[in-house]
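Visitor: I am new to this structure and would like to learn how to read it. Could we go through some of its features in turn?

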Amino acid sequence: MNGKIIVNGAEITVTTIDDKDYISLTDMLKAKDGDFFISDWLRNRNTVEFLGIWEQIHNPDFNYGEFATIRSQAGLNSYKISIKEWVEKTNAIGLRAKAGRYGGTYAYKDIAFEFGMWISPEFKIYLIKEFERLKTEEMKQLGWDIKRNLAKINYRIHTDAIKENLIPPELSARQISLVYANEADVLNMALFGMTAKEWRDAHPDLKGNIRDYANVSQLVCLSNLENLNAVFINEGIPQAERLAKLNAIAISQMKVLTEDHRLLQLDAAADTQSKHD
């Protein structure tokens, strides 16, 4: 997964490697005045010391013997080492070279922040700030996606119960689809007070369906109703009776959910995200 942050006018790529966040040092160089190279930073003795300590803490396969040799030469005018040589000699994981569309030199976030200090103290502060903002936005999106996927997963449980208990053998695919639509509207009526068709007729200019416009509280309630309806179907409860039970449960749960401050925050985040999409 790749993301972008803007720091002092420079667009910087943030990517995921082995489930860890790495930041493009190549992109960060765009914010530094003059002709500088990552190898200039890497030859600095303080840089080598920092990288060695980081690798010792995070990398059990770090080659200490090769690192000691490099450290002894760091800072000398004749000393020079590339990222590729550093990784190959020490088996380092904090710095990575990446090919392709988002190619360049990437560093684990801790190391990237240290590299940011080499550019300027101001740059480092804004880099950390923008990186944290990106992670916050990703968490908000993750919360929204979890709620949507939870509803989808539970709906599969719900439709499986319909297939096993309400659909007789020898029905055509068209007949089966009609039964599914009918049961889906049991949930729509219980939670939204209208069928899918009634919603479409009332909102001809909107794309999608009634559930696409549900808020987080409604999606959580819908997930619960799907599970309960599956249980009611397995128990052989008639549809009309199930609808009455589900409607009463929906009213009760929505009263609680709409007072939950955590869900209100997720609703606000989801609303903000939808405006940006």
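Visitor: Let us start with one residue. Where is Gln 56 placed?

Guide: Gln 56 sits in helix H3, which covers residues 45–58. Keep in mind that this is a predicted model.

Visitor: Is Gln 56 buried, partly exposed or exposed?

Guide: The general idea is a scale of relative accessible area, where under 20% is buried and over 50% is exposed, with partly exposed in between. Gln 56 has a relative accessible area of 39%, so the residue counts as partly exposed.

Visitor: Which residues is Gln 56 in contact with, leaving aside neighbours within four places in sequence?

Guide: With those neighbours set aside, Gln 56 touches Phe 62, Tyr 64 and Phe 67. A separate reading is the spacing of C-alpha atoms: Gln 56 and Ala 92 are 36 residues apart along the chain, and their C-alpha atoms are separated by 9.5 Å.

Visitor: Phe 67 came up as a contact of Gln 56. Which helices pack together through a contact that includes Phe 67?

Guide: Two packed helices are described by the angle between their axes and the distance between the axes. Here the pair is H4 and helix H5, the latter made of residues 83–90, with an angle of about 140 degrees and axes 8 Å apart. Angles over 145 degrees would count as roughly antiparallel, and 65 to 115 as roughly perpendicular. H4 and H5 are therefore oblique to each other. On the H4 side the contact is made by Glu 66, Phe 67 and Ile 70, and on the H5 side by Trp 86, Lys 89 and Thr 90. Sorted by class, the contact has 3 nonpolar, 1 polar and 2 charged residues.

Visitor: How should I read the spacing of contact residues along a helix?

Guide: An α-helix has 3.6 residues a turn, so residues three or four places apart point the same way. In this structure, Phe 67 and Ile 70 are among the H4 residues that meet H5.

Visitor: What caps the N-terminal end of H4?

Guide: Asn 63 does, with a side-chain oxygen 3.2 Å from the backbone nitrogen of Gly 65. H4 itself covers residues 64–73. Just after H4, Gly 75 has a positive phi of about 95 degrees.

Visitor: Which residues have a positive phi although they are not glycines?

Guide: Asn 8 is one of them, with a phi of about 50 degrees. Asn 8 lies in the loop between strand E1 (2–7) and strand E2 (10–17). Its relative accessible area is 45%, so Asn 8 is partly exposed. Asn 91 is another, with a positive phi of about 60 degrees. The loop that holds Asn 91 runs between H5 and strand E4 (95–98). At a relative accessible area of 41%, Asn 91 is partly exposed.

Visitor: Where is Asn 44 placed?

Guide: Asn 44 is in the loop between H2 and H3. Asn 44 is partly exposed, with a relative accessible area of 35%. From Asn 44 to Gln 73, the C-alpha distance is 9.9 Å, and the two are 29 residues apart in sequence.

Visitor: What about Phe 37, and which loop is it in?

Guide: Phe 37 is in the loop between helix H1 (25–28) and helix H2 (38–42). Setting aside neighbours within four places in sequence, Phe 37 is in contact with Leu 29 and Trp 118.

Visitor: Is Lys 129 buried or exposed?

Guide: Over 50% relative accessible area is exposed. Lys 129 has 52% relative accessibility, so this residue counts as exposed. Lys 129 belongs to helix H7, residues 121–165. Lys 129 and Ile 5 are 124 residues apart along the chain, with C-alpha atoms separated by 9.9 Å.

Visitor: How many helices and strands does the protein have?

Guide: There are 12 helices and 5 strands. Of the 277 residues in the protein, 38% are buried. The protein exposes about 16,000 Å², of which carbon and sulfur atoms supply 53%. Among contacts with a separation of 6 or more, 61% join residues 24 or more positions apart.

Conventions. Residues numbered from 1 in each chain as written. Predicted model: local features only at pLDDT ≥ 70, side-chain atom pairs only at ≥ 80, totals over all residues. Heavy atoms only, no water. Polar contact = N/O pair within 3.5 Å; in protein donor to acceptor, adjacent residues only side chain to side chain. Helix = DSSP H or I, 4+ residues; strand = E, 2+ residues; numbered from the N terminus. Contact = heavy atoms within 4.5 Å. Buried < 20%, exposed > 50% of the residue type's maximum accessible area, 1.4 Å probe, protein only. Areas by Shrake-Rupley, 256 points an atom, 1.4 Å probe, with all protein chains shown as cover. Axes fitted to C-alpha atoms, helices over the stretch in contact; angles between N-to-C directions. Parallel < 35°, antiparallel > 145°, perpendicular 65-115°, else oblique. Nonpolar A, V, L, I, M, F, W, Y, C, P; charged D, E, K, R; others polar.
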